[in-house]
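Grab a pencil and have a go at the exercises below. Try each task on your own before you read the solution under it.

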Amino acid sequence: MKVIIADSNDIVRVGLRTILASDSIVNVVSEATSSEELLEQLKSVQADVILLDYTAQNFSIDVIPKALNANKRIKIVAITPEQNPAIIIDALKSGVVSYIKKDCDIPEILASVRETAGGNKFFCGQILDSIRRASIDVEHLDLENFSCEPVLLSERELEIIKFIAEGNTNAQIAELLCLSPHTITTHRKNIMAKLGTKNTAGIVMYAVKSNLVSPNKFLFSRDQ
């Protein structure tokens with residue numbers, strides 16, 4: 001079982017390498033300290049699993065679909081500190097198969113790699129509790145329409161996303177842009193389709209990630 005460790009922290013990589021070395025069927029074939037290094041390694045290194053902290057310095061969540069495009073057979077286990085459930089779901093939609101936390105015990109870390117390489121999903125208890133508290137069923141995630149293709153939004157759509165993330169209703173946005181509420185509703189539906197989300201929270205998350213609004217400024221709209 002060939003594994004790539006992807007984390008910018010030297011101590012974390014040494015720790016994971018030591019843990020994985022205790023399993024006779026696991027072979028760490030390379031280590032990456034950045035998204036760019038990981039993608040470069042995937043051009044020549046054959047591996048079954050990537051043990052990845054996409055939140056680490058020099059990494060981002062965007063590396064997940066890029067890694068899967070580089071090797072469609074490889075499977076990704078995310079190992080990160082505590083994350084907001086929405087961020088966890090975003091990672092799962094991007095292509096992460098299994099998810100554990102960095103403070104999981106050694107048997108859980110080893111099990112996550114073994115189970116994922118064997119074609120199964122694995123979530124540590126802490127991650128499952130976090131997801132379930134957010135009333136999300138990991139077995140029924142809406143992944144059907146998810147695409148790794150870039151999201152193409154018009155200037156008008158970006159403007160509306162910003163207003164939505166700031167807490168404005170459809171009627172308020174219509175007034176601000178001198179458009180009809182029906183037009184705003186149509187734009188909103190198109191935006192959700194492009195982002196692959198079914199609710200306002202997904203729009204807000206995109207706005208924050210894209211720096212359209214400040215994380216400490218936005219409010220959820222009540223006009224669903």
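Buried means under 20% relative accessible area, exposed means over 50%, and partly exposed is in between (1.4 Å probe, protein chains only). The model is predicted, with pLDDT of at least 70 needed for local features and 80 or more for side-chain atom pairs, while totals for chains, interfaces and linings use all residues. Residues are numbered from 1 along each chain as its sequence is written, and side-chain values use heavy atoms, leaving out hydrogens and water.

**Exercise 1.** Decide whether Lys-43 is buried or exposed, and say where Lys-43 is found.

*Solution.* Start with the place: Lys-43 is in the loop between helix 2 (35–41) and strand 3. Helices here are DSSP runs of H or I with at least four residues, strands are runs of E with at least two, and both are numbered from the N terminus. Next, look at the area: Lys-43 has a relative accessible area of 65%, so it counts as exposed. Finally, check a distance: Lys-43 and Ala-67 are 24 residues apart in sequence, and their C-alpha atoms are 9.8 Å apart in space.

**Exercise 2.** Work out the strand order of the open sheet, and name its edge strands.

*Solution.* Two strands pair if DSSP finds at least two bridges between them. Begin with strand 1 (residues 2–6) and strand 2 (residues 27–32), which pair in the parallel sense over five bridges. Within that pair, Ala-6 is opposite Ala-32 of strand 2. Then take strand 3 (residues 49–52) and strand 4 (residues 75–80): they run parallel and are joined by four bridges. Here Leu-52 has Ala-78 in strand 4 as its bridge partner. Put together, the open sheet has five strands in the order 2-1-3-4-5, with parallel pairing. Its edges are strand 2 and strand 5 (98–101), each pairing on one side only.

**Exercise 3.** Find the handedness of the β-α-β unit made by strand 1, helix 1 and strand 2.

*Solution.* First, the rule: with the strands pointing away from the viewer, a crossover is right-handed if the path from the first strand over the helix to the second runs clockwise. Now apply it: strand 1, helix 1 (residues 10–21) and strand 2 form a right-handed unit.

**Exercise 4.** Describe how helix 9 packs against helix 7 and helix 10.

*Solution.* Axes are lines fitted to C-alpha atoms, for helices over the stretch in contact, and angles run from 0 to 180 degrees between N-to-C directions. Angles under 35 degrees count as roughly parallel, over 145 as roughly antiparallel, 65 to 115 as roughly perpendicular and the rest as oblique.

Take helix 7 (residues 155–165) to begin with: it packs on helix 9 (residues 181–195) at about 95 degrees, with the axes 10 Å apart. So helix 7 is roughly perpendicular to helix 9.

Move on to helix 10 (residues 200–209), which packs with helix 9 at about 70 degrees, again with axes 10 Å apart. That makes helix 9 roughly perpendicular to helix 10. Helix 9 brings Arg-188, Ile-191, Met-192 and Leu-195 to this contact, and helix 10 brings Thr-200, Ile-203 and Tyr-206. Contact means heavy atoms within 4.5 Å.

**Exercise 5.** Which residues does Ile-191 touch, not counting residues up to four places away in sequence?

*Solution.* Locate Ile-191 in helix 9. With a relative accessible area of 0%, Ile-191 is buried. Leaving out residues up to four places away in sequence, Ile-191 touches Glu-157, Ile-160, Ile-161 and Ile-203.
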